[in-house]
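User: I would like to learn how to read a structure with two chains. Please take me through it one feature at a time.

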Amino acid sequence: MKTRKLENWVLGIGSLLAAAIWVFPLYWAFITSIRTEERVVSEGAGVIPDEFNLSSYLAAIFDTKLLTWYWNSIGTSVIITLVVIVSGMMCAYAISQMRFPGRRLLYGVVLASFMVPSQALVVTQFILMNDMGLINTWAGIILPQLIVPVVIIVYKQFFDAVPKEMREAVVLDGGGDYTLLFKIYLPLNWGITTALAIITFISAWNQFFWPFLVITTENQMTIPVGITQVNDAFGVYYARLMSVALLGAMPVAIAYLVFQKKVTEAVMISSGVKG
Amino acid sequence: MAMITNRRREVAVAMTLIAPFVLTFVLVFLYPTIRMIELSFTDAPLIGTGEWVGLANFKRLLTDNLFYTSLKNNGYFVLLTVVPTTALALAIAMMITRLKGPLQALILALFFLPYILPVSVVTQIWTWMLDFQFGVLQPVFAFFTGKPVPVFKNPYWVMPTVATVTIWWTNGFNVLLFIAGLRNISSDYYEAAALDGATRWQLFTKVTWPLLWPVTALVLTLQLILQLKIFDQIYLLSSGGPFNSSYVLLLMVYREAFQLNHGGYASAIALVLFVLIVVVSVLQFQLLRAGGNKQ
């Protein structure tokens, strides 16, 4: 029994130490960001915080287009999340609960598109956006990100599991499929809806490759793309670079810390290891 | 009669429900896929039309040294990331599942945190950590090699370093999958094995490892596909250099299309990458299913 207790202590301290090493890069970025530029590159600027200087944060906010990039990131990510969830839910409901020609084919396509690498399509997607005049617009950022097959797959599994008796009361009252979806199937699955919405939002927020291609003007950039511009603007001013990076990461980091349980649940469900 | 109108109405309602997804899918997925195949047989620039050139782009690809370099680097990157991240994630997950209460939640959160960061935040932080002059990790390099190393400008260090950064960034996802897998193993197995006097190592090799295999296979294959599509980190950390030693297929697509204005040739490379990933995905799907049937 005593060895058991000792072992738990060793395990606890060991894991804390391992986790501390793991998040050290974030700690180091933070320490750098609250130092003055002179201190950052001076001899003996160690790992212990010795300055609390917010001037680089002020420079990050006022000398870059960070606030514009926030707005673009929030706007596009919110629209992507809403459209992906609503269209995915509707499509999944039809596949799960209705009979129509092409139903099996449609589900096959959804499952197959899961395997298609959208990164390989960027050249022709770019040409398409250019033909539609959507380069450097929100619509250009948003459109190719609206296909998230996993949302349909997860919703279908959950809709399949709703007991058929739930339908009958609504059907007897003369309610149609839209009533069923929004009055029965959606309220029963609020948990999974918020989980899917959170991971869709985080993944849209973090998207780099596509917004990087479709946006060329600083005023239309999203956070992940805009951050990379700061190097050119600031040069090697590391305190400011770290301030910009940390401010850029803040919204999703906060979202994660607040909705931690939901996020882990969503990741597990959408990769199929937990149903 | 009523039955038929009901049936018709059901089909009509179903069509309105699936329309948003289907229309978007056709516009931004199906059409670009067809266009990509079409363009790969032409000499079109990025914007504008070109002439039909048959298989010329593919013939050129087969004699393009950069293509083989990229292919080799993609393979090297897969080797450097897939198995190491899987093994590391399994070890971390086994450690976390043995912790209890708030400590468990805290440790899991710390290991998962990097995964939710945008890639450019990750690369900015690591560029600073590994800065040749002022990087906090340079003393470590100096300790092992005798002098600081400009890692992203060194052909030997660049890929292992990008791989390390990638593992740091994405490992939390794999840890989560393993934790879910470990939780799904009933404690009955462990109790029965413990009653039989099994050692720790035997518990792992005879109980944990076989029962966890479906999750391990899932992690391995998800990682394989993900790492084949590497672009962001390479572009942001080393831009494919030095001397093309970190050049990869998707970077080649990007350069040809967006910097050299070769829409046709870029489409041909993209098509090869597309087929490569779809083949790997289908193979892994079949393998997973075969593995699932055995149990």
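User: Where is B:L177 found?

Analyst: B:L177 is found in helix α7 of chain B. Helices (H or I, at least four residues) and strands (E, at least two) are DSSP runs, numbered from the N terminus. The model is a predicted one, in which local features need pLDDT of at least 70 and side-chain atom pairs count only at pLDDT 80 or more, while totals for chains, interfaces and linings use all residues. Residues are numbered from 1 along each chain as its sequence is written, and chains are lettered from A and ligands numbered from 1 in the order in which they are written.

User: Is B:L177 buried or exposed?

Analyst: A residue is buried if 20 or more other C-beta atoms lie within 10 Å of its own, exposed if 12 or fewer, and partly exposed in between, with C-beta atoms placed from the backbone. B:L177 has 24 other C-beta atoms within 10 Å, so B:L177 is buried.

User: What is B:L177 in contact with, leaving aside its neighbours within four places in sequence?

Analyst: Two residues are in contact if their C-beta atoms, placed from the backbone, lie within 7 Å. With neighbours within four places in sequence left aside, B:L177 is in contact with A:S271 and A:V273 of one chain, and with B:V215, B:L218 and B:V219 of the other. The C-alpha atoms of B:L177 and B:T216 are separated by 8.7 Å, although the two residues are 39 residues apart along the chain.

User: Is A:T217 buried or exposed?

Analyst: A:T217 is exposed, because it has 8 other C-beta atoms within 10 Å. A:T217 is found in the loop between α13 (209-214) and α14 (223-227) of chain A.

User: How many residues does each chain give to the contact between them?

Analyst: Chain B gives 68 residues and chain A gives 66 residues. On the side of chain B that touches chain A, α1(B) has the largest share, 19 residues. For classes, Ala, Val, Leu, Ile, Met, Phe, Trp, Tyr, Cys and Pro count as nonpolar, Asp, Glu, Lys and Arg as charged, and the others, Gly among them, as polar. This side of chain B has 55 nonpolar, eight polar and five charged residues.

User: Which residues touch the most other members of the largest nonpolar core?

Analyst: A nonpolar core is a set of buried Ala, Val, Leu, Ile, Met, Phe, Trp, Tyr and Cys residues joined through C-beta atoms within 7 Å. The largest such core has 153 residues, and A:A245, B:V253, B:I269, B:A270 and B:L273 touch the most other members. Helix α7(B) supplies the largest share of this core, 14 residues. Among the contacts of B:L273, leaving aside neighbours within four places in sequence, are A:P117, A:A120 and B:V253.

User: At what angle do helices α9 and α12 of chain A pack?

Analyst: Axes are lines fitted to C-alpha atoms, for helices over the stretch in contact, and angles run from 0 to 180 degrees between N-to-C directions. Helix α9 (residues 149-160) and helix α12 (residues 190-206) of chain A pack at an angle of about 170°, with their axes 11 Å apart. That makes α9(A) roughly antiparallel to α12(A); angles under 35 degrees count as roughly parallel, over 145 as roughly antiparallel, 65 to 115 as roughly perpendicular and the rest as oblique. A:V151, A:V154 and A:F158 in α9(A) meet A:I192, A:L196 and A:T200 in α12(A). The residues of this contact are five nonpolar, one polar and no charged.
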